[in-house]
Amino acid sequence: MIPLRDINPTRTFPFFTILIIVANVAVFLYELSLGRRLDVFINTYGTVPCEITTVCGIPAQLNIPVWATIFTAMFMHGGWLHIIGNMLYFWIFGNNIEDRFGHVKFLAIYLVWGVLAAFTQIFVDPASRIPAVGASGAIAGVLGAYLVMFPRAQVDSLLTLGIFITTVRLPALFVIGFWIVLQFFSGFLSLGVAHTQADAGGVAYFAHIGGAVAGLIAGLIYRALNPQRAVVPDYTVRR
């Protein structure tokens with residue numbers, strides 16, 4: 001199930017949603033230009049858990065503080081499917097969260113979600129030497145907040161049933177809720193058989209879980225502090 005768009009109009013222009021997407025795409029295009037140097041770039045600017053926890057040494061080529069890799073890694077991706085999937089979800093759901101939180105606050109909390117997501121993955125596997133890259137953790141925060149703030153908003157999604165492909169309109173509660181449940185299931189299932197991001201198929205599930213939980217909490221706090229703005233729209237098409 002792949003979301004295509006949400007039926008949830010915004011009141012403001014999503015400046016930072018677009019800016020973050022442009023930054024991610026620009027970095028990815030730069031990665032494509034590196035050729036054989038790409039591995040060095042990823043190992044240098046990706047988040048390596050054992051470097052953050054000081055279990056292993058910091059590489060000599062690292063020309064920024066090791067903690068800064070938590071931020072640089074948020075704008076790096078490991079392939080076309082990785083960045084297309086992340087940016088698709090971010091474009092669909094990010095603009096509404098920016099609209100409600102405000103532009104500057106949205107940028108700040110997006111980065112906080114990314115940091116919390118990274119530390120969740122580091123906590124689960126502090127000795128890992130595998131660099132983690134991607135905006136997935138921060139975007140999981142966006143999804144968690146959206147789930148709380150707009151659970152009834154309708155989402156047009158592409159659904160595949162064997163050889164049949166169709167589009168369906170589903171509430172965000174189902175679309176995002178299914179994704180979050182899948183991350184929890186995949187993450188905890190991987191604990192018994194995998195100890196690194198690479199062993200788990202290249203997916204940092206616990207970064208997704210950490211980001212989603214942080215987003216859920218932020219959404220609940222927003223609704224508690226802004227009850228007058230917490231009216232959740234229902235743009236269901238009735239026939």
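Here are legends for a few close-up views of this predicted model. Residues are numbered from 1 along each chain as its sequence is written, and side-chain values use heavy atoms, leaving out hydrogens and water. Because the model is predicted, local features need pLDDT of at least 70 and side-chain atom pairs count only at pLDDT 80 or more, while totals for chains, interfaces and linings use all residues.

**View 1. Three strands form an open, antiparallel sheet.** Strands are DSSP runs of E with at least two residues, and helices are runs of H or I with at least four, both numbered from the N terminus. The order is β1-β2-β3, with β1 (2–7) and β3 (164–171) as edge strands that each pair on one side only. From one strand to the next, the twist averages 25°.

**View 2. β1 meets β2 (residues 154–161) in the antiparallel sense.** Five bridges join these two strands; DSSP must find at least two for strands to count as paired. Look for aspartate 6, which stands opposite valine 155 in β2.

**View 3. Helix α5 (residues 80–101) lies across β1 and β2.** This helix runs at about 20° to β1 (axes are lines fitted to C-alpha atoms, for helices over the stretch in contact, with angles from 0 to 180 degrees between N-to-C directions).

**View 4. Asparagine 24 sits in helix α1 (residues 15–33).** Beyond its neighbours within four places in sequence, asparagine 24 is in contact with residues including Phe75, His77 and Met87 (contact means heavy atoms within 4.5 Å). Methionine 87 is 63 residues away from asparagine 24 in sequence, yet 8.3 Å away in space, C-alpha to C-alpha.
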